[in-house]
Amino acid sequence: MLESRFLCLDIHREIHGHRQDGGVFTCGAGQYGQLGHGSLSNEILPRKVLELMGSTVTQISCGRRHTLAFVPSRGRVYAFGLGGAGQLGTRAVLNSNTPQVVLGPWLSPSGVAVVQSATLIDNDYVIRRIFAGGDQCFVTVRNQKENIPPEDFRVFQADSQISALTIDRIIECQNLQPDSHVPDDLITYLETVMGSVACLNGSFLLPETESFSPLDDHGLDMEQAKECFEAISRIEHQSVNDIINEYVIDRIMKSLHPSTTDVETLRIYLILPLFHQFVNAKNSCRLQGPFGTALLNLKPEATKIVGLWYRRMTADYFERLIRIYQNVLLLHLQPPHNSDKNNVHWNDNMEIALEVLNRLNQLNQLTQNKNMKKHENFVGLKVPHDTFYLHELTERVDLRVDYVRWALEKQRHLQAKRYFCNYPFLFDAEAKLSILQTDQSLQMQSAMHEAATQAFTQYLLTQIINPSASQFLELHVTRTNIVNDTLQGLACSSEKDYKKPLKVTFVGEEAEDAGGVRKEFFMLLLKEILDPKYGMFRSYEETNTIWFSESSFEDEAMYYLIGLLCGLVIYNFTIISLPFPLALYKKLLGEPVTLQDVTDLSPVMAKSLQDLLDYNAPDVEEVFCLNFEMTREIFGEIKSYELKPGGKTIPVTNDNKQEYVDLYVDFILNSSVQRHYRAFHNAFHKVCGGHVLKLFHARELMAVIVGNECYDWDEFESSASYKGGYTSSDPTIRLFWEVFHEMSQEDKRKFLLFLTGSDRVPIQGMKGIKIIIQPTGDTAYLPVAHTCFNLLDLPRYGTKEKLRYKLLQAIQQNVGFSLI
């Protein structure tokens, strides 16, 4: 029903409405016949007044228990309902449950009098408008000769509508000279509109808002709203600015309530953040704070609607909301609000800002889910994760202290509310890595202390030194039998030993493990054990990635070992290139895997599935010829797997294609490899499971383990330091950097491997690799790298060509260790 107007005296008693085509519907209380249905019954749904069918009603008005309806084509007013006081105008004090003609002294448009009477023979009035209220009613009339048509309630008159904020009136404000007088009507306009939630909600409406559907759209022209508020920010007249600021801050903010009477009243939560004063964090006590409080206190259904609206806004708008509350948080983290990094002085505005940011972060991650309704589906993030990063946070707060306190309260099962670790989406990569290192260091120190205490106690009791009670997890391996040696070493270790620092010794080599030996150990071992030739993992040549094989003959112990090693990689702060896709890290963190994760393995397979989803013609079954089964090549044989019971006989149709894709993705990434993955998962979490991993997104965890390939060689040079007499202006150093920057990308990566034991960039970026260069005496020797310390011994070669020759020779020597 397309309604043009509703009139209601008491919303709990009766409602009347009429359509654009002139039909009248009524519902509610009807005990006096005021619904006009020929009965005294109540109606719980709108019902058409049949006696007015065929008539175009353009005006309707309600009294306490009676109703008036006007049909302009006849010039007649009809009344029904309570008539004990004569309010029906039928010259009787009777009720009527059907429309009756009001016997008034006016003419129809054709000039025919409604009441034939000699006393009214000179009457030439026609009806202009009808009114009803209480037990009274009246009409306004005009002379027929004036040819003024009656009002049509189906057509909204501009002068009868709520005042709205318009760009024309704002431009009028802009045009005022700074010291000029502000017209009274303009002051009245600004006070009315800028101090009324209803006026702002009624502004910037789209033309099609009559068919407004709140779950799908907010009905606002946000570009028009943005233009208008940008114009407000450019107003130079101080008095006008004072009026606008006063009425928005003092009136609007106090008018926001958690309970709303209608969905349309929620539009204020989209409009207000465009007000330029929201950018100024100094207004937080009067503006951002009250707004955030009102937003967070909305009832659940209203919260859901506003959230869906925010999620559908542009990325720029969404980012504006984030920046508004990030700025509030930063303001309150600096003096005079806070000056001690170890002890944050919390206040309400900080908590409000954090909770609003938390709400926005949840909305940002609201993605497609088969259990969600159609209007709630979203694909991907609204803005990247790093939009929420607050890089200045580490300058204002010691996050290591915050983490330790937060973790202690978590262990005691206390409600740890006032800690930044409850809002890890604010932490950038450097902050998260700092927290991870703090956590691992604490665990290592605890494990080492426990081992030392145990050894000392045993010695006191038995006078025997137990060689197994080491403070380190020690592995002695050979390069030729590295897998079996590692298995035997870990088999002799307990879960407590995994928490100790790892120390690796290559049998027959002299080097002490200060980090470099450990790096090469992980690199060699994982390269060997992950080789697809063993059948433990399926290789995807399109992307150079691997995934668990559903047909592996290896037992779970091998997958357990790999999970253990990957955990030890993180736990011992080592970067190693692993060919696993992002899906592995999502599963480790409990994040859902999707079709996008199949793309990381096989873009061709993922595109085929996406093409199926995008195909909207009804002949899906004939075009694709698919059933709920899939085939895989296993050791040269084709094997079929049903995706659901009886799947080989269930065709894929337009109705069930989404289910087919979901099951296909689940089979590849979950169900077919569940047993092997579970062993990997359990071992990984035995080493580095705990609260700290919950601070990471999957992509961040992946970067911690494998690093990235975002090389910035200029930053690499700028972060270098020198010792032993070298400086940045030394001729040898200048020659070195000239040679280095002239090297190919492949040779630069080899140098990085030579220097650090890995050719990957850590999560902090190139600034996380701090090369130290020191001189050595004999120019006959090659440059030497101490991978444990990123230290390069560089002789003072006399020429650029000699330096280039020696350096290129050196970077080929990247296997094995010896004492220098």
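Me: In which sense do strands β13 and β14 pair, and over how many bridges?

Reply: The model before you is predicted. In it, β13 (residues 537–540) and β14 (residues 545–548) pair in the antiparallel sense, over four bridges.

Me: What is found between the strands in the hairpin of β13 and β14?

Reply: Four residues lie between the two strands, and in this hairpin Asn544 takes a positive phi near 55°.

Me: How many bridges join β9 to β10, and how do the strands run?

Reply: Strand β9 (residues 125–133) and strand β10 (residues 136–143) run antiparallel and are joined by eight bridges. Ile130 has Val139 of β10 opposite. The hairpin of β9 and β10 has two residues between the strands, and Gly134 takes a positive phi near 60° there.

Me: Why is α14 called roughly perpendicular to α16?

Reply: Helix α14 (residues 482–491) and helix α16 (residues 556–571) pack at an angle of about 80°, and their axes are 11 Å apart. Angles of 65 to 115 degrees count as roughly perpendicular; the angle of about 80° lies in that range, and therefore α14 is described as roughly perpendicular to α16.

Me: Which residues make that contact, and what are their classes?

Reply: Helix α14 contributes Val483, Thr486, Leu487 and Leu490, while α16 contributes Met558, Leu561, Leu564 and Leu565. By class, the contact has seven nonpolar residues, one polar residue and no charged residues.

Me: What makes β17 and β19 edge strands?

Reply: Four strands form an open sheet with mixed pairing, in the order β17-β18-β20-β19. Strands β17 (721–722) and β19 (784–786) each pair on one side only, and they are the edge strands. Elsewhere in the sheet, β18 (residues 772–774) and β20 (residues 791–793) pair in the parallel sense over three bridges. Gln774 has Asp793 in β20 as its bridge partner.

Me: Which helix packs on this sheet, and which strands does the helix touch?

Reply: Helix α25 (residues 731–742) packs on the sheet and touches β17, β18 and β20; its direction makes about 130° with that of β18.

Me: Why is Cys228 called buried, whereas Cys625 is called exposed?

Reply: Buried means under 20% relative accessible area, and Cys228 has 1%, so Cys228 is buried. Exposed means over 50%, and Cys625 has 64%, so Cys625 is exposed.

Me: How many helices and strands are there in the chain, and what share of the residues is buried?

Reply: The chain has 27 helices and 20 strands. Of its 820 residues, 47% count as buried.

Technical notes:
Residues numbered from 1 in each chain as written. Predicted model: local features only at pLDDT ≥ 70, side-chain atom pairs only at ≥ 80, totals over all residues. Heavy atoms only, no water. Axes fitted to C-alpha atoms, helices over the stretch in contact; angles between N-to-C directions. Parallel < 35°, antiparallel > 145°, perpendicular 65-115°, else oblique. Contact = heavy atoms within 4.5 Å. Nonpolar A, V, L, I, M, F, W, Y, C, P; charged D, E, K, R; others polar. Pairing = 2+ DSSP bridges. Buried < 20%, exposed > 50% of the residue type's maximum accessible area, 1.4 Å probe, protein only.
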